[in-house]
Amino acid sequence: MSGDVCIVGVGIHPFGRTDGLSGLEQGVFAVQQALGDAGIAWPDIQFAYGSSDAAGNPDTMVDRLGLTGVQFINVRNGCAAGGSALFSAQMAIKSGEFDIGLAVGFDKHPRGAFNALPAEYNLPDWYGDAGFMITTQFFAAKITRYMHLHGISRTTLGRVAEKAFRNAVHAPHAWRREPVALDDILNGALVSDPYSKFMFCSPAEGGVALILASEKKARELGKPLVRLKAATMRTRPTKSFEVFAPSIDIGGGTATATRIASADAFRMAGIGPEDIALAQLQDTEAGAEIMHMAENGFCADGEQEAWLAEGRTEIGGTLPVNTDGGCLACGEPIGASGLRQVYENVVQLRGDGGSRQVPGAPRTAYSHVYGAPGVSAVTILER
Amino acid sequence: MHAIAEGLFTDEAPPRLIGGRERTSGRIVFPCPPGAAYEPVALSRTGRLWSWTIQRYRPKSPPYAGPDTFRPWPVAYVELPGEVIVEARLTDVAFDQISIGMALELTSVPLDPDNAASAQIPAFRPAATTGAAA
């Protein structure tokens, strides 16, 4: 195939809680919206990759969309599921086998924190019995160490959450769309110190669909060319510090799957962090956005303190981050979350962001997810 | 002592934690995984606080096996010099006195804080000799 793989259609079912609608139905909603956006019909879709962690088998949506015999492959890859579906869809077109296809993700999780069981993670039962099988403990311990090493204040964590809710006011697909004052964020009930309840995202529901096409096909459709310059999915290196870790190697906690996925994505795209106009970075908790700014190469460790104080990651800043409020404001339906970031980037690159539009007609956009047990997926889009 | 699981503590008084040394690489992990790839190794009783948080809400059951009543507890990662960083409870310290680098020593806490006879969980407390940060 010559040219780039392009994203020619996007659709989203609003994130949050939608009683009476299954996760799969939210995925179908997103697919239909994306088909309309691309100006095509379901029988035009040659293949699909679908991701869901807890809401059923994506391929069963052919019942709703039409029994065309289409190739439909299910992807289950933790928090990187959406990124993995997108990567796979890209490769299907790059290979020359197909011209146009779908990456779709959806999910619907029960309320409250995920309750993982030790046996699912190759851990002894006592670890769960004793109360260590808690994702929020890990996230909190990770940022506490980072704040100590790099001089990040708790106020900076609060600023990340404040920005998320402020941006989400202007994102119709976001869940929590009321601004929250910085003092309320900092004084909110503590979940796991230093994090208050406003600094963690919640499991949620939602669906996202992206239609990918060869550059030739995209030109035929007459859509703005949003090019997928890189899509990577990587797993953890040695000495990383991951969720549910009864022990860590001495000197550990610095090497991450994110650093590998990011460096490889920049290499493939042939550009660097300084060339990116806006970024969606995994922010399942406020400190994740802080750490991921550095892990993805946008700043040095510790510089985030000044970046947030100076508003550099605001929509009008030098590198707007999480322009739709990210996971903090949208919640995290695992199968859909990474694709939401790419949806938001396409909206921004097309100039369709409305009152959350990044000014200056951005030409490059970056997305990043990270999750258990040490997986990361990155995309770079160019217009 | 009634430990929460077999193979966590040595039989010494006071006990030490039992880690696992990977036979091929020498890398130490905690707890000692089953199988022949790791050999049990008694870990240092003292170390320094690497990171921490406070568990502010009662964990979901399953898997948590503690009592319905809940009081927040600190969770610690403790660097045992030259060995490994282990996760454990932190005890005998006010929350506002916890600081990274503080010297700690091994102890244990009961799963039910109101029943000292309940299963014991690995824990660290401020070291008797020095409380100074590194």
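A residue is called buried here if 20 or more other C-beta atoms lie within 10 Å of its own, exposed if 12 or fewer do, and partly exposed in between, with C-beta atoms placed from the backbone. By that criterion B:Gln120 is buried, since 21 other C-beta atoms lie within 10 Å. The structure is a predicted model, in which local features need pLDDT of at least 70 and side-chain atom pairs count only at pLDDT 80 or more, whereas totals for chains, interfaces and linings use all residues. Residues are numbered from 1 along each chain as its sequence is written, and chains are lettered from A and ligands numbered from 1 in the order in which they are written.

Chain A has a secondary structure of 13 helices and 12 strands, where helices (H or I, at least four residues) and strands (E, at least two) are DSSP runs numbered from the N terminus. Its radius of gyration is 20 Å, close to the 21 Å that the globule rule gives for 383 residues, so chain A is as compact as a globular protein of that length; the radius is taken over C-alpha atoms, and the rule is 2.2 Å times the number of residues to the power 0.38. Along the principal axes, the C-alpha atoms of chain A fill a box of roughly 55 × 50 × 40 Å. Of the 383 residues in chain A, 59% are buried. Among contacts in chain A with a separation of 6 or more, 76% are between residues 24 or more positions apart, a contact being two residues whose C-beta atoms, placed from the backbone, lie within 7 Å.

Two helix pairs illustrate the packing in chain A. Helix 3 (residues 81–94) and helix 13 (residues 334–350) of chain A pack at an angle of about 60°, with their axes 6 Å apart; axes are lines fitted to C-alpha atoms, for helices over the stretch in contact, and angles run from 0 to 180 degrees between N-to-C directions. These two helices of chain A are therefore oblique to each other, given that angles under 35 degrees count as roughly parallel, over 145 as roughly antiparallel, 65 to 115 as roughly perpendicular and the rest as oblique. Residues making this contact include A:Gly82, A:Gly83 and A:Leu86 of helix 3 and A:Gly335, A:Leu339 and A:Val342 of helix 13. In the second pair, the axes of helix 5 (residues 135–150) and helix 10 (residues 286–295) of chain A come within 10 Å and cross at roughly 50°. Here A:Phe139, A:Ile143 and A:Tyr146 of helix 5 meet A:Gly287, A:Ala288 and A:Met291 of helix 10.

In chain B, B:Gln120 belongs to strand 8. Strand 8 (residues 120–126) runs antiparallel to strand 7 of chain B, to which seven bridges join it; two strands pair if DSSP finds at least two bridges between them. Within this pairing, B:Thr107 has B:Ala123 as its bridge partner. The C-alpha atom of B:Gln120 is 5.9 Å from that of B:His2, although the two are 118 residues apart along the chain.

The two chains meet in a contact that takes 31 residues from chain B and 30 residues from chain A. Strand 4, strand 5 (73–80) and strand 6 (84–90) of chain B each supply at least two residues of the side that touches chain A, and strand 4 gives the most, with six residues.
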